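The entries follow in the order in which I made them.

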Amino acid sequence: MTQVGEVVTAAELQRNVEESVQQTPVIDIHTHLYPASFTGLCLWGIDELVNYHYLVAELFRSSTVTPQQFWALTKFQQADLIWDALFVKNTPLSEATAGVVAVMVKLGLDPCQPDLKQAREYFASVTVEQHIDHVLELAHVSELVMTNDPFNPMERAMWERHEPCPERFHRALRMDPVLNDWETAQAVMAAAGFKTSADLTPQTVAEARRYLDRWIARLRPVYLAVSLPFTFVYPDDSPRTGLIREVVLPTCLQHNIPFALMIGVSRQVNPALRDAGDSVGYADTASMERICAENPDGRFLVSMLSRENQHALCVAARKFSNLMPFGCWWFLNNPSIVEEITAERLELLGATMLPQHSDARILDQLIYKWAHSRRTISRALHQSYSRLVADGYPLTRKQIDRDVARMFSGNFRRWVGLEP
Ligand code: RAT
Ligand code: ZN
């Protein structure tokens, strides 16, 4: 066993890296999870897991059922159909199906059952409160960040009722309609008594800011967030540029909160698939450089959805220390791509990045998403350290632990001001 201050030999390197990555708790900086009190939004259990929209997309490749037929079924029937098509009649080779297997095995369930009976019985025997503790412990996730959308009437109502929210569930104020569908956003603001209009008049700008201020006071978010299409260009002539310049960025600066931009989605290329119908496109990284250059006092968390944007994003982060690349988002969250992106980031940015977030929508997914990410991040880190050791560097376990802790929690804490 290597002591923390001792130099790690090449032969002991892999074990030490794996151990450090396995044992270091992580703050999951982007999820769609909620505490137990958020009934209807807090999703967990086998039927939710199997109905994950990543799996819904895969169903239609292995079944003759049409989307119309599928959506007419109950949630249980949908889960039965997906289970039969993807887990019984096919080998669960894809990352999303392999993830369900990993979760089941970790919870002591048999992933080779012909139906979901055993799994349903297991989940019926635990309470959601117990299960949250159990899953966070298994995944070694100490804290997580939700996605909180005041433009979603169901979620808005819960916050307005002051549902209790444990501190380990941090809030992120998500405001896609403000930047992607201003007409809808301003109608929501107007219905709440804010004097906004479709045009960005000085009064509308002031009222939109007041609306965000109100939600910042209510949620105390660790960051403001938006997902943007792959066609996103900054600046341009659309209301979006005006809203970023006059509403979002001044609000972030006033409250000293970072702005998270998730760029590269192509929404609803196949609407019949509903949540599973979004795709990806190559985006303009130079727009992000321009935002960083114009706003040296702003802090930007950035994730891009296209694999082809990753190298340019790392280069942009080298030019702008107010840009923090984060995660391997959505279609990138596959081991081969996570390994490539993590290696690229380590080579260009060292430990000054946030390697991964889970994007979990269903609590149980934390188990596989973090197990798989840890396995992959270990491999990329091991490669980097191996080269350093081969060049003669006296690497210690203490340094490995420090680097992993920075990437899994320290960088984020500092970035969002969670540290005193
Ligand atoms: O990964 C996903 O589940 C996507 O549907 C999106 O939620 C994406 O992560 C987002 O936050 O927009
Ligand atoms: Zn997400």
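The model is predicted, with pLDDT of at least 70 required for local features and 80 or more for side-chain atom pairs, while totals for chains, interfaces and linings use all residues, and side-chain values use heavy atoms, without hydrogens and water. Residues are numbered from 1 along each chain as its sequence is written, and chains are lettered from A and ligands numbered from 1 in the order written.

I then checked two further contacts. An oxygen atom of ligand 1 lies 2.7 Å from a polar side-chain atom of Arg-174, and one is 2.9 Å from a side-chain N or O atom of His-53. Of the 310 Å² of accessible area that ligand 1 has on its own, the protein covers 96% (Shrake-Rupley method, 1.4 Å probe).

I listed the surroundings of ligand 1, which include Arg-267, Trp-329, Trp-330 and Arg-361 (a heavy atom within 4 Å). By class, I recorded 3 nonpolar, 3 polar and 4 charged residues in this shell, where Ala, Val, Leu, Ile, Met, Phe, Trp, Tyr, Cys and Pro count as nonpolar, Asp, Glu, Lys and Arg as charged, and the others, Gly among them, as polar.

Which residues coordinate the zinc ion (ligand 2)? I found His-30 (NE2), His-32 (NE2) and Asp-359 (OD), at 2.0 to 2.1 Å; donors are N, O and S atoms within 2.8 Å of the metal (3.2 Å for Na, K and Ca), and sites may look incomplete because water is not among the atoms. I noted the donor spacing in sequence as H-x1-H-x326-D.

Finally, I examined the backbone. The peptide bond from Tyr-234 to Pro-235 is cis, with omega near -5°. His-140 is not a glycine, yet has a positive phi of about 60°.

Note on methods. A polar contact is a pair of N or O atoms within 3.5 Å; within protein, one must be able to donate a hydrogen and the other to accept it, and residues adjacent in sequence count only if both atoms are side-chain atoms.
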